[in-house]
Amino acid sequence: MTTAALPRGSTIEWLMKEQATPGTVATGNFASTFIYDHGLEEAEPFEEDRLLGLARNNNRDQTAPADGLPNAAGPITFPVDLNHIGYVLKGVFGAPETAVDSGNYTHVFKSGLEAIPHWTMQNKLQNADFRQYDAVLMNTLGFEVSRAAGFQRCTVGTLFRKENKLTSSAGGTPAAALARASLAAAIGAVKIDTGSGFTLAGRLNSAGFNYDNKAKPQEYVNSKWVNGHDLDEPASANGALNTRYANATYYDLARAKSVFGLQLLWEIGANNSLTFEMPRVRMSPKGTPVAGPAGLDIAYDWRAEQSDSAPMLTVTLKNQIAAY
């Protein structure tokens with residue numbers, strides 16, 4: 001007997017395109033990109049319906065439920081790739097300001113925009129079985145900079161409207177995926193500016209980063225599915241600097257609640273880099289715990305903020321891709 005190969009994650013094809021209107025799926029030719037994994041799903045748990053007076057067999061067993069409301073959300077793990085990460089940054093922050101110089105492009109994404117795009121995304125599981133995700137909003141972005149093996153990854157948290165099962169692709173004729181430009185996780189760097197310019201942070205084990213658009217579903221009375229998403233709450237950028245104690249530098253910076261600049265960056269050349277820059281960051285004051293006879297590792301929580309002249313976060317992507 002010959003064993004048939006079943007569908008597996010390695011064979012999926014991930015397509016995406018920006019939507020003109022939330023709830024109206026995109027048409028035309030989609031972009032093809034890569035992911036490590038995803039957890040997008042529309043779940044609709046049943047709601048208990050304990051109606052009195054029903055005919056029943058006994059008084060202990062549960063009775064038939066009512067329908068619940070769909071909850072459509074989930075994470076996607078993307079590579080932090082100098083070519084493909086532009087789709088993620090546009091999804092999280094909105095359209096960039098782009099400049100070109102001799103075929104080298106600088107895309108500048110800024111936090112604080114009033115509108116960010118919704119996307120139609122499509123996943124091919126096998127022939128005649130496609131899953132389409134309508135009105136996907138990239139709500140959160142998280143990663144860690146550390147001395148790690150492999151390529152850098154980031155996790156995007158999403159909210160979306162609806163999951164559709166298709167029997168054929170609705171992604172048109174996608175162009176070939178952009179070439180890979182993977183970034184080794186180990187080349188990630190962290191820099192701090194306390195007033196004399198950005199310099200490499202010393203004695204740092206890792207730096208965690210989390211950005212949250214704080215989007216909320218629009219709960220309008222016309223459908224069991226949400227219409228779109230609102231950005232009513234202030235976005236946030238925060239994380240932790242996980243340090244190895246050598247002196248009181250980080251302790252004093254945190255205890256004084258001093259404002260400093262923070263950069264998280266990957267660079268493989270003057271025209272190929274990715275930089276997350278926050279001009280105003282402060283750390284929560286914290287003590288110096290001792291967990292045993294080994295070295296002292298201390299995690300300082302940080303939060304970013306806007307100033308009267310600069311956004312909370314500016315992301316600069318340099319590559320040879322003209323537009324996203």
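What percentage of the 324 residues of the protein count as buried? In this predicted model, the share of residues that count as buried is 40%. The chain is built from two helices and 21 strands, and its C-alpha trace spans about 75 × 60 × 55 Å along the principal axes. Among contacts between residues at least 6 apart in sequence, 71% join residues at least 24 apart. The protein exposes about 17,500 Å², of which carbon and sulfur atoms supply 49%.

Side chains of opposite charge can pair when their charged atoms come close. The protein carries 28 positive and 32 negative side chains, and a search of the whole structure finds eleven salt bridges.

One of these joins Glu13 and Lys124, with 3.9 Å from N to O; Glu13 sits in strand β1 and Lys124 in strand β8, so this pair links distant parts of the chain, 111 residues apart. Lys124 counts as buried because its relative accessible area, 18%, is under 20%, whereas Glu13, at 43%, is partly exposed.

Another salt bridge connects Asp297 with Arg244, whose closest N and O atoms are 2.5 Å apart. Here strand β20 holds Asp297 and strand β17 holds Arg244, 53 residues apart. Asp297 is partly exposed at 45%, and Arg244 also counts as partly exposed, at 33%.

A further salt bridge pairs Arg282 with Glu305 at 2.7 Å between the closest N and O atoms. Arg282 lies in strand β19 and Glu305 in the loop between β20 and β21, so the pair ties together parts that are 23 residues apart in sequence. Salt bridges that share partners join Arg280, Arg282, Arg303 and Glu305 into one network.

Note on methods
Residues are numbered from 1 along each chain as its sequence is written. This is a predicted model: local features need pLDDT of at least 70, side-chain atom pairs count only at pLDDT 80 or more; totals for chains, interfaces and linings use all residues. Side-chain values use heavy atoms; hydrogens and water are left out. Helices (H or I, at least four residues) and strands (E, at least two) are DSSP runs, numbered from the N terminus. Buried means under 20% relative accessible area, exposed over 50%, partly exposed in between (1.4 Å probe, protein chains only). Contact means heavy atoms within 4.5 Å. Accessible areas come from the Shrake-Rupley method with a 1.4 Å probe; for residues, only the protein chains shown count as cover. Lys and Arg count as positive and Asp and Glu as negative; His and the chain ends are not counted. The place of a charge is taken as NZ of Lys, CZ of Arg, CG of Asp or CD of Glu. A salt bridge is a side-chain nitrogen of Lys or Arg within 4 Å of a carboxyl oxygen of Asp or Glu.
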